[in-house]
Amino acid sequence: METRVALIGILIDDPDAVEKVNQILHQSSRWIVGRMGIPYHARNINIISVVVDAPQDEISRMSGLIGKLSGVTAKIAYAKLPNHEA
C-alpha cells in the first residue's frame, strides 16, 4: 500500500472540540508518526501538529473529519518525497 508523509496542522478555537479531535486522532493512531499540542492561552486556542505516514485516502479522511468539526480548522502539507510501500 502506497503511503505519503504529511503534516496535518490543526487549530482549535472551541475548547469543546478538543475531545472530538483527540478521538479522531486516536482512531487513526496506526498512521501517526508523532504529534505536538500547544495550548496558546494568550489567544485562547489550541494548536496541534500531527505527522502521518499514511495512504492518501486516510490522510484526506482524517483531515476532513477534523476540519468538519465546529470551531476547528485543519490543513495538510505533504512532504516532497517519493511514495513508498509501508
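A salt bridge here is a side-chain nitrogen of Lys or Arg within 4 Å of a carboxyl oxygen of Asp or Glu. With that in hand, here are the legends for a set of close-up views of this predicted model.

**View 1. Arginine 61 and glutamate 58 form a salt bridge.** The closest N and O atoms of arginine 61 and glutamate 58 are 2.9 Å apart, so the pair falls inside the 4 Å cut-off. A search of the whole structure turns up one salt bridge. Both partners belong to helix 2 (residues 56-67), where they sit three residues apart, about one turn of the helix. Side chains of opposite charge can pair when their charged atoms come close. How exposed or buried are the two partners? Arginine 61 is partly exposed, at a relative accessible area of 34%, whereas glutamate 58 counts as buried, with 15% relative accessibility.

**View 2. Serine 63 is another residue to look for in helix 2.** Serine 63 has 8% relative accessibility and therefore counts as buried, the cut-off for buried being under 20%. Which residues does serine 63 contact, once its neighbours within four places in sequence are left aside? They are Ala74 and Ile76.

**View 3. Glutamine 56 also has its place in helix 2.** Its relative accessibility of 29% makes glutamine 56 partly exposed. Not counting residues up to four places away in sequence, glutamine 56 touches Arg4 and Tyr78.

**View 4. Strand 2 and strand 3 make an antiparallel hairpin.** Strand 2 (residues 32-40) and strand 3 (residues 45-54) pair over eight bridges.

**View 5. Asparagine 44 sits in the loop between strand 2 and strand 3.** Most residues other than glycine have a negative phi. Asparagine 44 is exposed, with a relative accessible area of 57%.

**View 6. Glycine 34 and isoleucine 32 are two residues of strand 2 to follow across to other parts of the chain.** Glycine 34 is partly exposed, with a relative accessible area of 28%. Leaving aside neighbours within four places in sequence, glycine 34 is in contact with Ser49, Val50 and Val51. From glycine 34 to valine 50 the C-alpha to C-alpha distance is 6.0 Å, while the two are 16 residues apart in sequence. Isoleucine 32 and valine 51 are 19 residues apart in sequence, and their C-alpha atoms are 6.0 Å apart in space. With neighbours within four places in sequence again left aside, isoleucine 32 is in contact with Leu25, Val50, Val51 and Val52.

**View 7. Strand 1 pairs with strand 3 and with strand 4.** Both pairings run in the antiparallel sense: nine bridges join strand 1 to strand 3, and seven join strand 1 to strand 4 (residues 72-78). Isoleucine 12 is a handy residue for seeing both. Its bridge partner in strand 3 is asparagine 46, and in strand 4 isoleucine 12 stands opposite valine 72.

**View 8. Leu7, Val33 and Val51 form a nonpolar patch on the surface.** Together these three residues have about 230 Å² of accessible area. Where does leucine 7 lie? Leucine 7 is found in strand 1 (residues 2-12). This leucine is partly exposed, at 37% relative accessible area.

**View 9. Confidence is lowest in strand 5 and highest in strand 3.** Across the chain the pLDDT averages 94, and 94% of the residues score at least 70. Strand 3 reaches a mean of 98, whereas strand 5 (residues 84-85) has a mean of 60. Please keep these values in mind when browsing the close-ups above.

Conventions. Residues numbered from 1 in each chain as written. Predicted model: local features only at pLDDT ≥ 70, side-chain atom pairs only at ≥ 80, totals over all residues. Heavy atoms only, no water. Helix = DSSP H or I, 4+ residues; strand = E, 2+ residues; numbered from the N terminus. Buried < 20%, exposed > 50% of the residue type's maximum accessible area, 1.4 Å probe, protein only. Patch = residues over 30% accessible without salt bridge, like charges linked within 9 Å, V, L, I, M, F, W, Y side chains within 5 Å. Areas by Shrake-Rupley, 256 points an atom, 1.4 Å probe, with all protein chains shown as cover. Contact = heavy atoms within 4.5 Å. Pairing = 2+ DSSP bridges. pLDDT = per-residue confidence, 0-100.
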